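Dear colleague,

Please find below the structure for your files. My notes on what was found in it follow directly after.

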Amino acid sequence: MVKISVTNLAGQTRTIDADEGMSLMENIRANDFDDLQAICGGCCSCCTCHVYVEDGWYEKLPTQADDEAMLIEDSECFQPGKSRLSCQIEVSGDMEGLTVTIAPEV
Ligand code: FES
């Protein structure tokens with residue numbers, strides 16, 4: 001289990017015990033954060049699993065693939081150095097303490 005802090009759209013933060021090997025999106029959804037809709041189910045085609053990564057973590061996460069970068073940079077809520085699609089991040093043990101905020105949808 002990996003401790004990850006998640007803040008919802010109302011600004012409420014909860015620490016979840018995330019399973020390694022599952023995506024960050026799947027872990028957030030499994031912990032009843034309904035703000036993260038993840039409509040496409042992790043196919044990297046909807047952008048409704050958008051999260052902001054707390055300062056200092058962006059560089060530590062696996063690098064974005066081109067399709068993720070293209071999709072997320074089109075979002076009106078895109079923030080350079082913070083925005084990631086949570087379905088494209090596989091949780092691993094070195095993510096202990098990761099902190100993310102669910103991004104608003106537009
Ligand atoms: S769930 Fe659709 S892009 Fe991540």
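Cys44 lies in the loop between helix H1 (24-30) and strand E3 (50-53); helices (H or I, at least four residues) and strands (E, at least two) are DSSP runs, numbered from the N terminus. This is a predicted model, in which local features need pLDDT of at least 70, side-chain atom pairs count only at pLDDT 80 or more, and totals for chains, interfaces and linings use all residues. Residues are numbered from 1 along each chain as its sequence is written, and side-chain values use heavy atoms, with hydrogens and water left out.

Although Cys44 is not a glycine, its phi is positive, at about 60°. Cys44 is buried, with a relative accessible area of 12% (buried means under 20% relative accessible area, exposed over 50%, partly exposed in between; 1.4 Å probe, protein chains only). The loop between H1 and E3 also holds Cys47, a residue other than glycine with a positive phi near 70°. Cys47 is buried at a relative accessible area of 15%.

As for the overall fold, the protein has 2 helices and 5 strands, in the order β-β-α-β-α-β-β along the sequence. The C-alpha trace spans about 30 × 25 × 25 Å along its principal axes. Of the 106 residues, 42% count as buried.

One side-chain arrangement may also be noted: the charged end of Lys60 sits over the ring of Trp57, 4.6 Å from its centre (the criterion is NZ of Lys or CZ of Arg within 6 Å of the ring centre and within 35 degrees of the ring normal).

With kind regards
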